[in-house]
Amino acid sequence: AGGGVEQHLRVRCDAVRAAGRRPVVLRPARLADGTPAVRMAEGTETQFPNLRFAIPGELSALARLLAGERPERLELHHLLGHERAVPRLIGMLGVPYDVFIHDAASFCPRVGLVGPERRYCGEPADIASCNACIADAGRKDGSDLSVAELRRASADLLGAAARVIVPAADTANRIRRHFPGIEPAIVPHEDDAALADPPPSAAPPDGRCRVVVIGAIGIEKGYDVLLACARDAQARGLPLDFVVVGHSIDDARLIDTGQVFVTGEYRAEDATALIRAQRASLALLPSICPETWCFTLTEAWRAGLAAVAFDIGAPAERIRRTGRGIVLPLGLSPPAINNALFTAAGLLRND
C-alpha cells in the first residue's frame, strides 16, 4: 500500500541484486472476475501482467513456478491484502524465511494501535479490550480472524522464521511483549550516525514560526493533533504556520484555519528540496502511534531541520539517540504543543 513498507521493499530488492541474486516480489491482486490472486514482479519495477495466480485455487501452480527459479530465501514483509492461504507458500517452497516487522499488524487488527477514541490504545493485555475495540472501530487488516486467532497465527509464523527483523529497539520490545520467546534482530532501515549534517534550513523570512509536517497525514499520523494545534494558533493569534509537505485525510479543514498550507503529494526524490523550500523553523512528527521507523524523520534531518515528536515509538528513540530534536509527552494539549514548538524553534536552530 505504499509508504514505509514500499520504501523498504525497494531497498531490500536493491540489496538482493547487489548480492548477485534476483528479487521476485509477490503482491496481492484480483483477477478480472474479482477472484483474489497474487501477482508476480521482478523487484519493484518489472511487472509481469499475465503472471497472476488465483488464491487458493492456483497456489500449487504458483509454488511450482517459484520452485523452478530455485529460491534460496523468502522474505515476508506484509500480509495486508493477501488471502489467508498465501503463507502456505513458505512450507511448499521449503526455504528459510525472514519476517520483517513494519507495524503492529501481527497482533492488532487495526494495524496502527489506534481505537475508536482516535488515540493510542496502550496495547491492553486482555484480548477482550481488543475485541471491543474492533467491534466499535472496525478492522484494517482485511482478515476475518479473531484477535486470539490472529495472535496464534502470528506466533506460529514468527516462531518458525529464521529471523524476525525489526528496525528499532522500541519495536523489538513490543514484539517480545506480545510474543514471548521471540527474540527479534534489530536492523535499522537507515544509519542515522552516517547522516551528514546539512546546512540548517533558511529561517522564515517574516519572523514567524513555520513548522513542516511531512507525508500522508491520517489519524495515526496525527491529523487530529495537527488540526487542534492549527485551531489553537488561530484562536490565540499566534505567529505560527504549519506546512504539510504532502497531504492529509482532509486538507480543507486544515486550510480553513488559515494557519496551514498543503503542498500536495510529491515524488520521493523531491522530498528534501521541497522541505527545504518551505524555510521552516523545525519539523513536527505528530504521530500518535508507535511507528517502527519513520522515513519522514530522515527526510526532515536531510533538509536541515530538527524534529519534534511525541514520546512513543522509533521516532522518539531516534531523536534521543541523535540529539536532533526534542520529544514531547504523548497526549500533551494543543496549546502546550504550540508553546513547545516556539520554545523548540528557539533552542534547536543552530544558525
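Select Arg 118 to begin; you'll find it in the loop between S5 and H4. This is a predicted model, by the way. Arg 118 is partly exposed, with a relative accessible area of 39%. Leaving out residues up to four places away in sequence, Arg 118 touches Ile 219, Asp 224 and Ile 288.

**Zoom out**

Show the whole chain as a cartoon, and you have 12 helices and 13 strands to look at. The radius of gyration is 22 Å, close to the 20 Å that the globule rule gives for 351 residues, so the chain is as compact as a globular protein of that length. Along the principal axes, the C-alpha atoms fill a box of roughly 65 × 45 × 40 Å.

Colour by burial if your viewer can do that: buried residues make up 47% of the 351. For a charge view, pick out the 40 positive and 42 negative side chains; the centres of the two sets lie 1 Å apart.

**Back to the loop between S5 and H4**

Select Ser 106, which lies in the loop between strand S5 (97-100) and helix H4 (127-137). Ser 106 is buried, at a relative accessible area of 12%. What is it in contact with, neighbours within four places in sequence aside? Show Leu 150, Arg 151, Ser 154, Ile 175 and Phe 179 to see its partners.

A search of the whole structure finds 1 aromatic pair, and here it is: the ring centres of Phe 107 and Phe 179 are 6.3 Å apart and the planes meet at 65 degrees, so the pair is edge-to-face. The pair links distant parts of the chain, 72 residues apart, with Phe 107 in the loop between S5 and H4 and Phe 179 in the loop between helix H6 (169-178) and strand S7 (185-186). Phe 107 is buried, with a relative accessible area of 3%, and Phe 179 counts as buried too, at 4%.

Val 111 is another stop in the loop between S5 and H4. Its phi is near 70 degrees, a positive value in a residue other than glycine. Most residues other than glycine have a negative phi. At 18% relative accessibility, Val 111 counts as buried, since the cut-off is under 20%.

**On to helix H10**

Jump to Cys 294, in the loop between S11 and H10. Here phi is near 95 degrees, again a positive value in a residue other than glycine, and Cys 294 counts as buried at 5% relative accessibility.

Then select residues 295-302, which form helix H10; 6 of its 8 residues are buried. Which ones are they? Highlight Phe 295, Leu 297, Thr 298, Glu 299, Ala 300 and Trp 301. To see what covers them, show elements including helix H1 (3-18), strand S8 (209-217) and helix H11 (313-322). Following H10 you reach Gly 304, where phi is positive, near 85 degrees.

**Last stop**

Finish at Pro 56, in the loop between strand S3 (46-54) and helix H2 (59-68). Look at the bond that joins Ile 55 and Pro 56: it is a cis peptide bond, with omega about 10 degrees. Most peptide bonds are trans.

Note on methods:
Residues are numbered from 1 along each chain as its sequence is written. This is a predicted model: local features need pLDDT of at least 70, side-chain atom pairs count only at pLDDT 80 or more; totals for chains, interfaces and linings use all residues. Side-chain values use heavy atoms; hydrogens and water are left out. Helices (H or I, at least four residues) and strands (E, at least two) are DSSP runs, numbered from the N terminus. The radius of gyration is taken over C-alpha atoms; the globule rule is 2.2 Å times the number of residues to the power 0.38. Buried means under 20% relative accessible area, exposed over 50%, partly exposed in between (1.4 Å probe, protein chains only). Lys and Arg count as positive and Asp and Glu as negative; His and the chain ends are not counted. The place of a charge is taken as NZ of Lys, CZ of Arg, CG of Asp or CD of Glu. Contact means heavy atoms within 4.5 Å. Rings of Phe, Tyr and Trp (its six-membered ring) pair if their centres lie within 6.5 Å; planes under 30 degrees apart count as stacked, over 60 as edge-to-face and the rest as tilted.
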